[in-house]
2 protein chains.
Amino acid sequence: MVLPFDILEYQSRLKKTKERMADKGIEVLLITDPANMNYLSGYDAWSFYVHQMLVIMIDEPQPIWIGRFQDANGARVKTWIYDENIISYPDYYVHSSVYHPMDFISEILTQIGQGTRNVGVEMDHYYFTAMALDRLKRGMPNANFHDASLLVNGVRIVKSDQEIEYMKRAATIADLAMTKGVESIRAGGRECDTAAEIYYHMVRGTSEFGGDYPAIVPLLPTGENTSIPHLTWTDRPFVEGSAVIVELAGCYKRYHVPLARTVSIGQPSERLNNLSSVVTEGIQNVLQAAKPGMTCSDLEEVWGKSIQKYGFEKESRLGYSVGLNYPPDWGEHTASIRKGDNTVLQPNMTFHLIPALWFDSDGIEISETFRVTETGSERFTTYPQELIVRNDPFNISSNGQIS
Amino acid sequence: MVLPFDILEYQSRLKKTKERMADKGIEVLLITDPANMNYLSGYDAWSFYVHQMLVIMIDEPQPIWIGRFQDANGARVKTWIYDENIISYPDYYVHSSVYHPMDFISEILTQIGQGTRNVGVEMDHYYFTAMALDRLKRGMPNANFHDASLLVNGVRIVKSDQEIEYMKRAATIADLAMTKGVESIRAGGRECDTAAEIYYHMVRGTSEFGGDYPAIVPLLPTGENTSIPHLTWTDRPFVEGSAVIVELAGCYKRYHVPLARTVSIGQPSERLNNLSSVVTEGIQNVLQAAKPGMTCSDLEEVWGKSIQKYGFEKESRLGYSVGLNYPPDWGEHTASIRKGDNTVLQPNMTFHLIPALWFDSDGIEISETFRVTETGSERFTTYPQELIVRNDPFNISSNGQIS
């Protein structure tokens, strides 16, 4: 099987990871975040619902993959790791009240001489449970455990040219899915019909390349629920005169380009038009300002000034670093575009800028995913950056004709 | 907003949960598993990528929902919880290296007098990270923490009639998605095209009711990868003469009915035909035997005897309890159909029986989701329980006609 990146790229990622380990005094890094496992090894499978990990030893050239027996073949074909470094636990460890995979793993780590070292764990990552740490500590009582949350994510924040290329493909898929999704929105159509349309195109991709599943499902809040960003679709029909927020991502080889738009079914209210102008002006100001050397906090200031003059302020962050990921989030959890985040922009950092405004009973989302270039920033997608108005083609127009 | 269940059903679930808390000496239960949060409160949103919880106090009639500010409106409309029991933390707690939501939460719990009690946490559930426990313990140094993993899942294992009704709808969607997915499989078609077709119908549902997103993406291993169950689709074309495993679930209001079939593109090999007979005979034997009073381990024995006479044995479990869930798993992590699992079958328990056989370079999956009835068991889906053979309609048949 062909890996999505050259083996030298994986090795360079591993080298940078080891440098960060050395800085923190970590000799053995236990990676349980599926995006970080993929980033360093190529491993890509829906197996993160059982405990699994990648072990990075600072003085060993190859990682070790440890997971469930039935997933080991996947590690053999989807990674650059030698077969002898792929170790699997029997099925009776899965979802058992007696056996725990971390017992098996700590036993292995002890056997190969890692049981008394400084061990880094991804303390606050999905899928590394409180129990996982507890059992590891019990199984390796002489190891020193350190928090290595976001250690690998810190390497991931600057993309390689190949990663940018994959994100460009994801952007093509995002544009396509948004186009088809929006076309399906009309009064009387159901939310689930539009979600289905979006999913179809996200997954099918183009005739040149297929799409991948996104780390977050398409979100389609409508009507009053536009004030509630994370509700998922229902089978209720869209209503003439209401608004729909569409937030989705194109995904290619696990790389995401998210995109959000607000759609008015029929003529928009003056309020929605105004909100839209405020948000798009703010986005344009941020994208124009963004360049290497600025901080995320600086970008927030640009936004704040831009909306302040219209009397608005925003409680939540404006955006976040984005790229390779698995459910439940496409954000990388490193840099956020908000006050006090002093991450300095560098070329090939990539962000989802989503300066949504939510109120008690409505809201607006218009977003752009952008890349920091050598001199500024550039958008990934080409979808019109505006409030989208859907006039139902089956409506009878004022002159009595079916338009 | 109308909740999917009567408020009395939520209260009955809460009562059963409190009985289990009392048995374990737990006074305050912190529920972070999104399925358990939904089960007890109705809360349903894609917000589990940030820390959130439901607090059950043994002596209070209402749970407390604590989550992110922008998600609090969702808790107000999607739960039966009074607005004053919905508490939210500011956005600067999200994915921050300084602030942690569990600091906020432990402060609240202390303020309302829960800081010195016996506190249950879901130690080994997704989304309850090692860091989450660490910060809670730091914030509530005088509380006694207990492992309450699977406490609520234990209540969930027996379904109500309304839950079964939702699973029947999920089954209708599973049958539909399998039918449409299989119809799209032909030599030269791409894996992603079939995945897109499946997703479209899973999400769209029927004209009577819409579908929901499944907790696991459709899995489509093909060719040699049929030995690797959890690889996701690619954009490679299907090959004449090869096999494809299709594993999917219909989902309705977060209730799942999974279904797996193996499809031969063109005439199947004798080996695949044989494997298929062995597996379907085993499934029929298990379904015929299943009835209240038997244990999961008994079912495994039925299966073992059934395949033993053909010289096969199976390393991994045959199935697991299934129902309400969120990514990354539709399994409930309570009962598994395997040796040594002494869970006694009761009416309205529901299982995904997936006695897959995987070998070094091929595999077969045929599965059924079933309900334990008063006297036996019944399948949820109606899709033919056999090896599916796809003869490409565009192939020229032996008599030179396009069939």
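Helices (H or I, at least four residues) and strands (E, at least two) are taken here as DSSP runs, numbered from the N terminus. On that basis, residues 165-374 of chain A come out as 31% helix and 21% strand, with the end C-alpha atoms of the stretch 16 Å apart. UniProt, in an unreviewed entry, lists this range as "domain: Peptidase M24".

The model is a predicted one, and chain A has a mean pLDDT of 95, with 97% of its residues at 70 or more. Residues 395-403 of chain A are another story: pLDDT stays under 50 there, and the model has 9 contacts beyond four places in sequence for them. Where pLDDT is low, the predicted coordinates should not be read in detail.

Chain A splits into domain 1 (7-156) and domain 2 (161-390). Their centres, taken over C-alpha atoms, sit 33 Å apart. Across the boundary, 17 residues of domain 1 of chain A touch 14 residues of domain 2 of chain A. Together the two domains bury about 1,300 Å², 55% of it on carbon and sulfur atoms. On the domain 1 side, W46(A), Y126(A) and R156(A) supply 35% of the area buried against domain 2, more than any other three residues.

As for the strands, β11 of chain A (residues 350-353) is covered on both faces. T350(A) and H352(A) are buried on one side, F351(A) and L353(A) on the other. Strand β9 (residues 319-322) runs antiparallel to β11(A), joined by 3 bridges, and Y320(A) has H352(A) as its bridge partner. β11(A) also pairs in the antiparallel sense with β14 (residues 368-372), over 4 bridges; here F351(A) is partnered by F370(A).

Definitions and conventions. Residues are numbered from 1 along each chain as its sequence is written. Chains are lettered from A and ligands numbered from 1 in the order in which they are written. This is a predicted model: local features need pLDDT of at least 70, side-chain atom pairs count only at pLDDT 80 or more; totals for chains, interfaces and linings use all residues. Side-chain values use heavy atoms; hydrogens and water are left out. pLDDT is the predictor's confidence in each residue, from 0 to 100. Contact means heavy atoms within 4.5 Å. Buried means under 20% relative accessible area, exposed over 50%, partly exposed in between (1.4 Å probe, protein chains only). Two strands pair if DSSP finds at least two bridges between them. UniProt positions are given in the numbering used here, feature names are shortened, and annotations may be inferred rather than shown by experiment. Domain bounds come from an automatic or database domain assignment. Buried area is the accessible area (1.4 Å probe) that two parts lose on being put together, summed over both.
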